[in-house]
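The sequence and structure come first.

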Amino acid sequence: MDEKKEGLNRREFLKLAGVAAGAVALGGTLGETLAQSSKATKQLSVLYMNQAGYTTQVVTEMAKQFMSLYPDIRINLTFLPYPQMHDAITTSVAASTATYHVVLADLIWTAEFIDHGYVIPLNPYITPEEKQGIYQAIWNGLEYKGKIASFPFLANFQNFYYNREHLRRAGFEAGPRTIDEWVHQMEVIKSKGIVKYPYEDSWTQAEGLVCDYVRMAGMFGNGNLFEGGEPVMNRGPQLKALEFMVMLMQKGLANPASIEADEPTAARAFASGEASFNTNWTFVTGIMNDPKQSKIIGQGVVSTFPIVPGTNPKTHSASISGFQGIAIPANTPKELIPAAIQWIRFAASPKIQAEHLHSQWPVWKSVANSPAERRINPWWQVYQENLEAVYNRPKVPDYLHVSAIIQRYVHQALQGNLSPKSAADQMVQELKALGG
Amino acid sequence: MEGIPTQSTRRAPSRFFRFFTGDRGLALALLLPSLLLVAALVLVPLIYTLILSFQSATVNVIGGRGQLVGHWVGLRNYIHLLTNSYFLSGLRATLYFFAASILIELTIGILMAHLLNLEFRGRTLVRALVFIPWAIPTIVNATLWGMIFNGNAYGALNGLLPRLGLGNGHTVWLDTTPVWPHVPLLGPFFQWIGMSRGMNALIIGDEWKTLPIVAFLVLAGLQTIPKDYYEAATIDGATPWQRFRYITLPLLGPILSIVLILRTMQLVRAFTIFYTLEATNIPVLSISAYQQAFSFGYFGRGSAVAFIIGLISLFFAWIYIRWLYREEVA
């Protein structure tokens, strides 16, 4: 007969202890999860872009600030590189419920997003103060047929950069004000052997090429590639711009490497002292004065763009817009829209933008004109002038297709495979066939 | 009562039922999870893509719900693509990239395998070193070659060559201008097939990464060939070429068919190195499929390009299997 022992033997004790420890751990985890979910009742999935200025670190910090202010909203951030942004947004919109409830949107997608109903027009949510407080040039870029596709977040545009030291050695006191002056300065710099190729730009077959082409057309007097819905690249300033770009290549004033260079590559050429001129986005200002990235510390100058005399009478410059806004996809659940608006207002607020003046030019006039901005950015006036002088790329719903055609023919002309006129004619013909 | 089966006179299980019993049933049961996964992850998307390729499909948001809406257009997407000169130039560029790469792999890859099969001191170390490029992620490899081929004076190759007394340090290695455009016949032909300095640079960059795996697969095949065959052939007076032609090549048939099928599929749909180094400068099929579907929003046309990629791979796979099978029998 087995005699029952009182109390627990070693094995039973260990079993019980294990169960108890498991229960405590499970209880703790569950408790924590429940506590978190009871605080954050709304989960907002937000898509951002890996970029300079508002970096992943900055935006993550921004989200933490927001969640401490609004504990009922949880921000789940996803960061993607620019080339993947449009695809990610489109595929999210194609789903019955949005993967991303708030997205960073480039201005070139404005017409597509509004025309196809991919995003909620933000007009009802925008106050008159917000409308007046932000540069009109930025609103123009993010609006299509009276509908606002996204709330202004990033005021990116191009500046004209030159190397003061190169110009001084070539015998020039200041940068060029006109296109003829610019060409003359480049020719002198080249002939004196200061650099082999005075200018480098981002002319690989990508979106950056369209930006430069539009801006060049603007410098010749009209950066609008469509007039009355018709493509006009084969005449007037638009054709002259293409001829000018090809001439720069043929004369060896522009580096042949430009046809394979993107914006960071062209910026590096300028910062390394290999090029005397660069036309690029605002991030170059930071690079040219960063000892880790630049060999031209103190030599880089930010300027307005040289233009054909008599053109652009109001602005005396011609730049290109690269604004980004924050949008709400149309398949975002209705109950999340107020939270999305709250996040947008916070992320794009003057207060937040004022905290990041070192890295990014603000969208708000009050912040751009603040003493802090003037102290931080010695080129603030030039920035203002170039921002006011921006041209937009064509605002058409099938812009990415239109852009691909423009890129292809401009690139063919730059490579010397087609004459500028022939390239422009074929470009116009194909765009007309597209219905652009 | 006649006609009503009793317990003892019940009919034997049908042939259909018997098919699923016994060992075969067990095998099917074990295979079922894999079959279901293949169906869900391969067959369903494949069939959906095929259907999409016959549709004009775009993304729409109706009542706050996103969806892909399409209507039947028959072969219109395929006709549009196959009559579009830009698409056809991309198709030729894809085939050039594929053919040039395969040629390199079949020659240098087999040569490398032979060298690695020789006995020499430090062979294990050499084998390990040769294999390193294969371990590098494709995007990292592409970026690496982008730095090497950078057309500025600070590019690695442009920086190195002038120090060796070669070049002027300003060569645009990734230039997609056709090679020798002004040479009669040859220039237009190179332009037609999409051969450019940029394309050749990409082939070098891609081969640097993929040659090791080809060499190692061939090496594995070489190690299965008995040395007696070579000894007997040598005694019979066979030359090195004859030994290679009549022993090595036929016995490598099965492994070569695997290598060729694998590499053909990879080469025809190569995307990363093109997109990273050339953006859309070279409109190979994968770039075209991506642009049509995700940039332009023509999901039907993008699906058609994807199917054309698949059909090309299938066509070459069929040729390899047919050719190499015959070779083995001979």
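1. In chain A, strand β7 (residues 158–163) and strand β11 (residues 277–281) pair in the antiparallel sense over 5 bridges. Two strands count as paired if DSSP finds at least two bridges between them; strands are DSSP runs of E of at least two residues and helices runs of H or I of at least four residues, numbered from the N terminus. Within this pair, A:Tyr161 has A:Asn278 of β11(A) as its bridge partner.

2. The model is predicted: local features need pLDDT of at least 70 and side-chain atom pairs count only at pLDDT 80 or more, while totals for chains, interfaces and linings use all residues. Residues are numbered from 1 along each chain as its sequence is written, and chains are lettered from A and ligands numbered from 1 in the order in which they are written.

3. Strands β7 and β11 belong to an open sheet of 4 strands in chain A, with the order β8-β11-β7-β12 and mixed pairing. Its edge strands, β8 (199–200) and β12 (300–303) of chain A, each pair on one side only.

4. Chain A is assigned domain 1 (41–156 + 321–391) and domain 2 (158–320 + 398–434); such bounds come from an automatic or database domain assignment. The centres of the two domains, taken over C-alpha atoms, are 28 Å apart. Their contact takes 17 residues from domain 1 of chain A and 22 residues from domain 2 of chain A, two residues being in contact if their C-beta atoms, placed from the backbone, lie within 7 Å. On the domain 1 side, α4 (110–115), α17 (380–388) and β15 (390–391) of chain A each give two or more residues, and α17(A) gives the largest share, 4 residues.

5. Turning to chain B, β1(B) and β2(B) pair in the antiparallel sense over 8 bridges. B:Asn60 has B:Gln67 of β2(B) as its bridge partner. The hairpin has 2 residues between the strands, and B:Gly63 takes a positive phi near 60°.

6. In a regular strand the side chains alternate between the two faces of the sheet.

7. Where the chains meet, 25 residues of chain B are in contact with 35 residues of chain A. β1 (55–62), β2 (65–72) and α13 (285–295) of chain B each give two or more residues to the chain B side, with the largest share, 4 residues, coming from β2(B).
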